[in-house]
Amino acid sequence: MRITVLGMGYVGAVAAAGLARDGHQVLGIDVDPAKVERYRRAEVPFYEPGLDELVREGVASGRLQFALPAEVEPGRLGDLVFVAVGTPSRASGAADLSQVEAAVAWVAEQHRKVKAVAAGPSASAGRDPAGSDGLPEGGPVVVMKSTVPPGTGRRLRHRYLETAGIAYVSNPEFLREGSAVHDWFHPDRVVVGSDSPSAAQQVARLFQHYGAPVVVTDTATAEMIKYGANAFLATKISFINELANMCDRVGADVEEVARGIGLDPRIGSQFLRAGLGYGGSCFPKDVAALDHLARVYDYPFELLRAVIAVNARQRLLPLYALREALGSLAGVRVAVLGLAFKPKTDDVREAPALDLIPLLVEEGAEVRAADPQAVERARPLLPASVHLTPSALEALEGAQAVVLATEWDEFVRLDWEEAARRMAEPRLVFDGRNALDPERMMALGFRYRGVGRGRFT
Ligand code: NAD
């Protein structure tokens, strides 16, 4: 098939390269000239394990090409046009759909040009003949990979696509940064929502060979599945964090509690890791967008509001703990290990460390922070006084306290004996991810504290 993907970010690039691997002829489009230039050299402009090889393979095979919108001939879009542009949060929490609207309007405009040329000078922008399901046939199908609030697909269809003769399919994406390539080829499920059964089948067939269950449904339901999944996972995280905070108060160990709870198959052990809460480009904005949508529909989604409030507090736990242990943070050197919102990515969007560090600085701490991949992305978002380095040991030099904010392997397996030598008294360790062994850390001379597993000793 000939496929176009709009938006060459984490999702779009994986989709484009994954579809090229499956034998399709794929055109990846982005509005950012610097990104397009790098992709053309078969380079990926961000860190995602395994994606470099996949892009190199696609480019070498000739099946994966890249372009700016202005370079695309109108007839070049092909059978399916995936939209994978950003849907960030507005200040209100609502999803900002301006990139999505621009992308969909552009597709409609391109298709109109094709039809005008095909029909000759007297052609007008009329509808394509209706197919058996009453929807247009013959035009490309817009496949929405971006996460958009329930109701968006129908609105986009009415506003831009119906008159242009283009069908619309919601095909939300569930890949996770850090394992995006694996997730693309091994989905748990494929969700396809459309008011056009023929377009839905066309998209479902594309993923058939992955062997995952396919949920074929209407557009709004598909959109709600994506929000429901992310909101539920965020709820699980905030729930275990609430339990962790209780564990700290009653002297229980949340790690054991999570194990004991998670062995119940109705609950399951995943996403029961207590810590500094969720971050990243999806959970915070998608939960906020669902909360906003609830307000628009005059429904007080109380549970979701609590999930958001718990998460906002959770990321500041190290600040509270260090203040309590040290009295004041003025002049205290604090090392923060981890800037990315989770390991194996350079994505710092909504990363807990980025909320925490400015507050530590405000309280007078001298902050040194390390991350193996995310330093350059974090730099413009942090106070200039923060010393940034890829090396944990360099960040720990002379520090009285360290906060583990992201459980990169490099940090968990650090030479903590050497770290103890480089650090200064009182060698506080706030393990924001419960990733270190408390007994070992204390044996090495650290004063350890995790989340829901005991206080500094
Ligand atoms: P991203 O910000 O990394 O990439 C978006 C890209 O779209 C950028 O490169 C931008 O330049 C480009 N773009 C903007 N407007 C465009 C246009 N009109 N035409 C062509 N390109 C355009 O975003 P992302 O993280 O890949 O997320 C994309 C969507 O997928 C979002 O809705 C997100 O919620 C959803 N999603 C993301 C993940 C994830 O883990 N990142 C997972 C599932 C779903």
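**Ground rules.** I am working from a predicted model, where local features need pLDDT of at least 70 and side-chain atom pairs count only at pLDDT 80 or more, while totals for chains, interfaces and linings use all residues. Residues are numbered from 1 along each chain as its sequence is written.

**Ligand.** I started with the shell: 28 residues are around the ligand, and G7, G9, T87, S146 and T147 come nearest. Here a residue is near if its C-beta atom, placed from the backbone, lies within 6 Å of the molecule. I sorted the shell by class and got 13 nonpolar, nine polar and six charged residues. For that, Ala, Val, Leu, Ile, Met, Phe, Trp, Tyr, Cys and Pro count as nonpolar, Asp, Glu, Lys and Arg as charged, and the others, Gly among them, as polar. Helices α1 (10–21) and α4 (98–119) each give the shell at least two residues. Helices (H or I, at least four residues) and strands (E, at least two) are DSSP runs, numbered from the N terminus.

**Annotated sites.** Next I checked UniProt, whose unreviewed entry puts "binding site" at D30, K35, T87, T147, E177, K285 and R349. They span 320 residues of sequence and reach up to 24.0 Å between C-alpha atoms. Such annotations may be inferred rather than shown by experiment.

K285 sits in helix α10 (residues 283–296) and counts as buried because it has 23 C-beta neighbours inside 10 Å. (Buried takes 20 or more other C-beta atoms within 10 Å of the residue's own, exposed 12 or fewer, partly exposed in between.) Not counting residues up to four places away in sequence, K285 touches P88, S89 and A95; contact means C-beta atoms, placed from the backbone, within 7 Å.

R349 is in the loop between β9 (333–337) and α13 (352–362). R349 is buried too, since 20 other C-beta atoms lie within 10 Å. Leaving aside neighbours within four places in sequence, R349 contacts G280, S281 and F341.

**Sheet.** Which order do the eight strands of the open sheet take? I read β3-β2-β1-β4-β5-β6-β7-β8, with mixed pairing. Strands pair if DSSP finds at least two bridges between them. The edges are β3 (64–67) and β8 (214–217), each pairing on one side only.

β6 (residues 167–170) and β7 (residues 190–194) run antiparallel over two bridges, and V169 stands opposite S194 in β7.

Key: Contact = placed C-beta atoms within 7 Å.
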